[in-house]
Amino acid sequence: MLAKPTIHIDEDDVEEQLAKLGLTLNSLHEALRAGYEAKQDLTKNDPIWHRAPTPTAKIIRGLREQLIPQGWIRSDAKGLATIIHPDGHLSIGVAAGDKMTGLDTEVQPRTRSRKGPATKDAISINQLRFEGMLPEISPPSTRILLFRIASNTIKAELSLPASIGEDEHISEWSKRIILPDMKLTTAIPTPTPVPVPVPATSIKVPRKAQSG
């Protein structure tokens, strides 16, 4: 078990921490809004393999659309979708989190899905940076924009993953910047099945044969 993470949750402190990283709360919220809108469009008729990744993909796209005009660089190295700060010191990825996401509690949040080799490599670099074992010019540290969409509220945090468990979920973080809840005006509707119309059936009565 690693040391308890540093948590930033006061809104002024959050804004200050984001500014140090070259970010604004508004840019992150706009990207999160894209994920919310994507989730609104999903129904039970979408294939299950499409439902979970879609909001995440839209958020990373939203981040890129917000930050590339400011000089940030898009990267899909090793299949890991991120956006990299112009000076190369910071990389940001996106992941869906569990019910502890965005909460200042003893129990740390964890990613909802397992992470692959590229994420493991990124976390190893985070660990080496933390231990001061990397030169100044080195691969960037990677933070995760961890989010959870519940009804008309998005809970999210920009956090620095510290380790990945044997179950391949990220569940330990060294730094957490917890964003203010983002309230949306429209709740995500619960899809209702559309009744299939039953075609009317007609019964043909054979004509009686006419007599002589």
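Helices (H or I, at least four residues) and strands (E, at least two) are taken here as DSSP runs, numbered from the N terminus. On this basis the protein chain contains five helices and eight strands, and from the N terminus on its elements follow the order β-α-α-α-α-β-β-β-α-β-β-β-β. The structure is a predicted model, in which local features need pLDDT of at least 70 and side-chain atom pairs count only at pLDDT 80 or more, while totals for chains, interfaces and linings use all residues. Residues are numbered from 1 along each chain as its sequence is written, and side-chain values use heavy atoms, with hydrogens and water left out.

Of the 212 residues in the protein chain, 41% are buried; buried means under 20% relative accessible area, exposed over 50%, and partly exposed in between (1.4 Å probe, protein chains only). The protein chain exposes about 13000 Å², of which carbon and sulfur atoms supply 55%. Accessible areas come from the Shrake-Rupley method with a 1.4 Å probe, and for residues only the protein chains shown count as cover. Among the contacts (heavy atoms within 4.5 Å) with a separation of 6 or more, 62% involve residues 24 or more positions apart.

Strand pairing was assigned where DSSP finds at least two bridges between two strands. Strand 3 (residues 82-84) and strand 4 run antiparallel and are joined by two bridges, with Ile83 having Ile92 as its bridge partner in strand 4. The hairpin of these strands has five residues between them, and Gly88 takes a positive phi near 80°. On strand 5, strand 4 (residues 90-96) pairs in the parallel sense over seven bridges. Within this pairing, Leu90 has Ser141 as its bridge partner, and Ser91 stands opposite Thr142.

Strand 4 is mostly covered, with seven of its seven residues buried. In a regular strand the side chains alternate between the two faces of the sheet. In strand 4, Leu90, Ile92, Val94 and Ala96 point one way, Ser91, Gly93 and Ala95 point the other way, and all are buried. Strand 5 (residues 141-150) is largely enclosed by the rest of the structure, because eight of its 10 residues are buried. Strand 5 is also joined by seven bridges to strand 6 (residues 153-164), and these two strands run antiparallel. The bridge partner of Phe147 in strand 6 is Ala156. Strands 5 and 6 form a hairpin with two residues between them, and Ser151 in the turn has a positive phi of about 55°.

Individual residues illustrate these surroundings. Trp173 belongs to strand 7 (residues 170-178) and counts as buried because its relative accessibility is 1%. Not counting residues up to four places away in sequence, Trp173 touches Pro5, Gln108, Pro109, Ile144, Leu146, Ser159, Leu160, Pro161 and Ala162. From Ala162, Trp173 is 11 residues away in sequence and 4.6 Å away in space, C-alpha to C-alpha. A polar atom of the Trp173 side chain lies 2.9 Å from the backbone oxygen of Pro109. A polar contact is a pair of N or O atoms within 3.5 Å; within protein, one must be able to donate a hydrogen and the other to accept it, and residues adjacent in sequence count only if both atoms are side-chain atoms.

Thr111 lies in the loop between strand 4 and helix 5 and is buried, with a relative accessible area of 0%. A polar atom of the Thr111 side chain lies 3.1 Å from the backbone oxygen of Ser113. Beyond residues up to four places away in sequence, Thr111 touches Ala95, Ala96, Gly97, Leu146, His169 and Ile170. By contrast, Ala57, in helix 4 (residues 53-67), is partly exposed, with a relative accessible area of 42%. The C-alpha atoms of Ala57 and Ala81, 24 residues apart along the chain, are separated by 8.6 Å.

The structure holds one cavity of 30 Å³ or more. A cavity is a set of points, on a 1 Å grid over the protein atoms alone, where a 1.4 Å probe fits but cannot get out; lining residues have an atom within 4 Å of a point. Grid points are joined across faces, edges and corners, and a volume is the space filled by probe spheres set on the points. The largest cavity has a volume of about 30 Å³ and is lined by Leu80, Gly93, Thr119, Ala122, Ile123, Thr142, Ile144 and Pro161. Helix 5 (117-130) gives the most to this lining, with three residues.

Conventions
On a 1 Å grid over the protein atoms alone, a cavity is a set of points where a 1.4 Å probe fits but cannot get out, and a pocket is an open set with protein on both sides within 12 Å along at least five of seven lines; lining residues have an atom within 4 Å of a point.
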